[in-house]
Amino acid sequence: MKAPSYTLILCEKPDAARKVAAALAESRVSTMKIHGIEVLEFKRDGIDYVTCSAAGHLYKVSDSFPGRDSFPVFDLEWYPAGLVDKKASTTQRRIALIRSLAKNARQFVNACDYDVEGETIGGNIMRYACGEIERSALRARFSTLTSEDITASFHEAKVGAGQTLADAGRTRHALDFIWGINLSRVLSAAFNSSTSGYKTISIGRVQGPTLAFVVEREIEIRRFVPTPYWTVSGMFQKDGVDFKAPHARGKFSKRCDAEEAKNTCQGHQGVVSEMTKTVFKEAPPPPFNTGDLQREAYSAFGCSPSKTMRLAEELYLEALISYPRTSSQKLPQSIGFRRILSGLAKIPEYVVHAHDILSEPLLPREGGKSDKAHPAIYPTGELPRRLLPAQEKRIFDLIVRRFLSCFGGDAIRERTELGIDVNGNEFRVSSRVTLRPGWLKYYGKYENKPERNLPKLARGDLLTITRVECEEKLEQPPSRYNQGSLLERMEQEGIGTKATRAEMISTLSNRGYMAGDPILATELGISVFEVMAEYCPKMISVELTREIEKELDEVEDGKREGGEVISRAIRELCAEIEHLKSSEKGIGEELGQAATMATAQQSIGLCPVCKTGKLLVIRSRKTRKRFVGCSNYGNGCRASAPLPQKGWIKPTARPCLKCGWPVVCVGRRRYPWKLCVNVSCETKVRRRNAMQIV
Amino acid sequence: MSEEDGLCRYHSDASKALRKGYVAWNEALSGIPWKEYLNRVKTAQGTGQWVAEVIAMHETGDLE
């Protein structure tokens, strides 16, 4: 190992550590593997540097494990993650390595991501593994992993910068732990005391209100009765061009009224009674922050928020984009617009657009939201060093085009609104055309408002009616949330953080409280919501969660102590836990019924092997993958089959005509398909053989 | 199970919504027999799961 007196740099991820070393090194970077963990050494200004990475949280908050089922739990400590979570067993080796590297270090630099999570990861390692040097370590803050940004951040590194972020992070982790562990244990105890099985029923601080959004919508949909209404529309013709215009009244709630309107139009001509033209400007959208990027990626490619973040993280680690976890919609001058655009001009897809923008003054459009730690998400102008996989490339293109569009001028559009009178009935139609594309030149492919053109008309023109239609329609229930709209709702309500919202949605699915996309609440999800709403409504209320989020923001700003927020949460929890404990029997029965229903719903049909068991959709505890297994497994029936891992699965109640195994309907978005679950079904074998011949 | 028809809260709400819907359908179509109404709602796109279950109970005579 190196002689004493080197500077130890701690990064959050191995890729970031490599980038930092490459940016700072004035000598060759030597890479070593110690216990399988990468350590990088280099020299700069005659000083030795050693760089290593944390690979996520190495310390986790937990109680002192006297009993896994006891509650309430309010005494917490930070422990090495491997002691708390079996899956994090490799973290022990990493902690041991950092501890040994710290012994010989003369100076420490925390170079983890500059946000609440990064600060918590770095702060805890400095505090627990490096010997309480958290407050004397330097903090390097950068928003991109480009060499310029990294070098500048090390020149400007300060002691104690970001301390309040670390305090806020620790408070958030402690609060979420206290909330989750106590409520989950009280619910699980109730469930397990009234049923013969064992199940963990968990609910968290942000999970509760998020589940409430989904369940409330589900209830509305399940008890929806469609009512009829009618629309009347006319097909008009002018100079050989046909166009359709709806009746100005919109929806007719009575059939007789709609038919009367239709009949009075028959045999008459239309007269253009009103025509207004409005030219308006459409400003470019603001640059992306985390939420905007997740929503846009979902609407453009159907990419889930958590997946978008994973892809954006990859792009960040490649130094292609800035840090993707930000609330900001601001692009400060200091990021170097000209340098970025010149870089983008070297990529064939953007060469024309970048030169076009570079020929004008560079004044980007910004949004109202800001973030103390990072600017909005922007491309760094670096060229990809490898061929980007298709999904990463799509996200990169979206970010680049959004950035370019911020420099485009307003789009100029013209809207024409037309009023047509037919024997006292008014029909209205409008058109929209783009006169000057402005920012749409760069972002048009993601702007999905269709253009509509009408024939040239003037007030008083006569129009021929070729047809009048009266159509009966039914009111539809509200749409289910999808991952994008649920994320938007969480953001609007101010619950969760930019870094945790997407993860929260995945957690609720993993717990079995909701499924699919669009999102359906499961019986278990509805039941957990019902119990919470009946016995402790405050715990799932948006108001309380929002208030606590505000208090956590104040901790982040240094205006409030973390302990104060935790004390308040404990007070709130104590009262609710008492109430829940006193109603344990009722809660247990309610949850037990829901679990039974959920199991019944998972059954896809009779087992064709043992003929007595039911084939169930089961999720493996180990791999989290789903498969079909027989309910008689305990009695020796080994019938099982794999299942597609994505999309919803519904039983069809009909067996396969060839092999007798159940057929399920598998769906993802709009295209469901039917599938015989038997992997050895004759139909599949035939298809496989045919493919081999090809 | 809580409500007067022996239905749970959600199915009871669905039953109420079904009855309220009949008033709207009756007015919209200037009259529709109850059975035809049930048949149309049952097959309509957008009918909620609990409403469909309540209709099934009406059809089997479990609900009046």
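**Notes on a predicted two-chain model**

1. Domains. The domain assignment divides chain A into domain 1 (6-161), domain 2 (170-222 + 481-591), domain 3 (228-284 + 411-474), domain 4 (290-407) and domain 5 (607-693). Domain 2 and domain 3 are each written as two stretches of sequence. The C-alpha centres of domain 2 of chain A and domain 3 of chain A are 47 Å apart. The model is predicted, and the values below are computed from it.

2. Chain A as a whole. Chain A contains 21 helices and 24 strands. Its C-alpha trace spans about 100 × 75 × 65 Å along the principal axes. Of the 694 residues in chain A, 40% are buried. Among contacts in chain A between residues at least 6 apart in sequence, 69% join residues at least 24 apart.

3. The largest core. In soluble globular proteins, nonpolar side chains tend to be buried together. Here the largest nonpolar core has 136 residues, and Val20(A) and Ile399(A) have the most contacts inside it. The element that gives the most to this core is helix 6 (residues 163-194) of chain A, which supplies 13 residues. A second, separate core has 15 residues, among them Ala258(A), Cys265(A), Ile420(A) and Ile465(A).

4. Around Ile399(A). What does Ile399(A) touch, leaving out residues up to four places away in sequence? The list is Phe288(A), Leu293(A), Ile321(A), Ile377(A) and Pro379(A).

5. Tyr443(A). Tyr443(A) belongs to helix 14 (residues 440-443) of chain A. Is Tyr443(A) buried or exposed? There are 23 other C-beta atoms within 10 Å of Tyr443(A), so this residue counts as buried; the cut-off for buried is 20 or more. Not counting residues up to four places away in sequence, Tyr443(A) touches Arg401(A), Arg402(A) and Ser405(A). Asp421(A) is 22 residues from Tyr443(A) along the chain, and the C-alpha atoms of the two are separated by 39 Å.

6. Two residues with positive phi. Most residues other than glycine have a negative phi. Asp45(A) is not a glycine, yet its phi is positive, at about 50°. Asp45(A) sits in the loop between strand 3 (37-44) and strand 4 (47-53) of chain A. Asp45(A) has 7 C-beta neighbours inside 10 Å and therefore counts as exposed. Ala55(A), also a residue other than glycine, has a positive phi near 55°. The loop that holds Ala55(A) runs between strand 4 and strand 5 (59-62) of chain A.

7. Helix 7 and helix 16 of chain A. The axes of helix 7 of chain A and helix 16 (residues 501-510) of chain A come within 10 Å and cross at roughly 70°. The two helices are therefore roughly perpendicular to each other. On the helix 7 side the contact is made by Gln207(A), Thr210(A) and Leu211(A), and on the helix 16 side by Met504(A), Thr507(A) and Leu508(A). By class, these residues are 3 nonpolar, 3 polar and no charged.

8. Where chain A meets chain B. In the contact between the chains, 16 residues of chain A face 21 residues of chain B. Helix 7 (207-222) and helix 8 (255-265) of chain A each supply at least two residues of the chain A side. Which helix of chain A gives the most to the side that touches chain B? That is helix 7 of chain A, with 3 residues. The chain A side divides into 9 nonpolar, 3 polar and 4 charged residues.

9. A helix pair in chain B. Helix 1 (residues 9-28) of chain B and helix 3 (residues 49-59) of chain B have axes that come within 9 Å and cross at roughly 80°. That angle is why helix 1 of chain B is described as roughly perpendicular to helix 3 of chain B. Helix 1 of chain B brings Tyr10(B), His11(B), Ala14(B), Ser15(B), Ala17(B) and Leu18(B) to the contact, while helix 3 of chain B brings Trp50(B), Val51(B), Glu53(B) and Val54(B). By class, this contact has 7 nonpolar, 2 polar and 1 charged residues.

Methods. Residues numbered from 1 in each chain as written. Chains lettered and ligands numbered in written order. Core = buried A, V, L, I, M, F, W, Y, C linked by C-beta atoms within 7 Å. Buried ≥ 20, exposed ≤ 12 C-beta atoms within 10 Å, placed from the backbone. Helix = DSSP H or I, 4+ residues; strand = E, 2+ residues; numbered from the N terminus. Contact = placed C-beta atoms within 7 Å. Axes fitted to C-alpha atoms, helices over the stretch in contact; angles between N-to-C directions. Parallel < 35°, antiparallel > 145°, perpendicular 65-115°, else oblique. Nonpolar A, V, L, I, M, F, W, Y, C, P; charged D, E, K, R; others polar. Domains from an automatic or database assignment.
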